[in-house]
Amino acid sequence: MKESIEKLEDLAALYHEFFIIDEALFQVPKENEKIRKSLTYSGKNTRGIVFIFYQPQPIQAAEQQLLDKLLEHGLHIPPAEVLQCYAGDNAEYTLDELLQHFNPKVAVVWGYNQAEPHTIIQAGNMRVLYIHYVATYIPATETKKQMWKLMQSATGA
């Protein structure tokens, strides 16, 4: 150890200035790291409410009508004030990453198959409501009422 220090001192004496370079800054990115595109979504997060859709296909016209009715009549919120994100367009991101990025007060996750539908999870200052695919609620009156009550409970409307 002492010899190593003496060799470094001898080396340092040869130069007027001695710099230590942090090699971490010059590392090449790993090949398996994904290059992510920017997130795709519609609406704004002005009310702190985000809808994230884990559905096999994008929202259809009848489903969007149901969502608009829910927001306008059930929660008294203009649809444009709720951010809507289709997970299929943002496949590079996990649900946790989406939630962290948007950081809403309430996240409504539609059709996420890794969580029990009709449950509300408190995650710090955020409430996450897991419910079925949107199409599930179009013909089902009783299930729709349950969802609306949960939504009102989660959002405080």
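A: Buried denotes under 20% relative accessible area, exposed over 50%, and partly exposed the range in between (1.4 Å probe, protein chains only). The model is predicted: local features need pLDDT of at least 70 and side-chain atom pairs pLDDT 80 or more, while totals for chains, interfaces and linings use all residues. Residues are numbered from 1 along each chain as its sequence is written, and side-chain values use heavy atoms, without hydrogens and water.

Gln-84 is buried, at a relative accessible area of 10%, and belongs to strand β2 (residues 83-86). Beyond neighbours within four places in sequence, Gln-84 has contacts (heavy atoms within 4.5 Å) with Tyr-41, Ser-42, Phe-51, Phe-53, Gln-64, Leu-67, Leu-71 and Pro-79.

Of its 22 residues, Phe-51, Val-108, Trp-110, Ile-131 and Met-151 touch the most other members. Two or more residues each come from β1 (49-53), α2 (61-74), β3 (106-110), β5 (126-131) and α4 (141-155); helices (H or I, at least four residues) and strands (E, at least two) are DSSP runs numbered from the N terminus. A separate second core of 17 residues includes Leu-83, Leu-98, Tyr-112 and Val-128.

With neighbours within four places in sequence set aside, Met-151 contacts Phe-51, Leu-70, Leu-75, Val-108, Trp-110, Leu-129 and Ile-131.

Note on methods
A nonpolar core is a set of buried Ala, Val, Leu, Ile, Met, Phe, Trp, Tyr and Cys residues joined through side-chain atoms within 4.5 Å.
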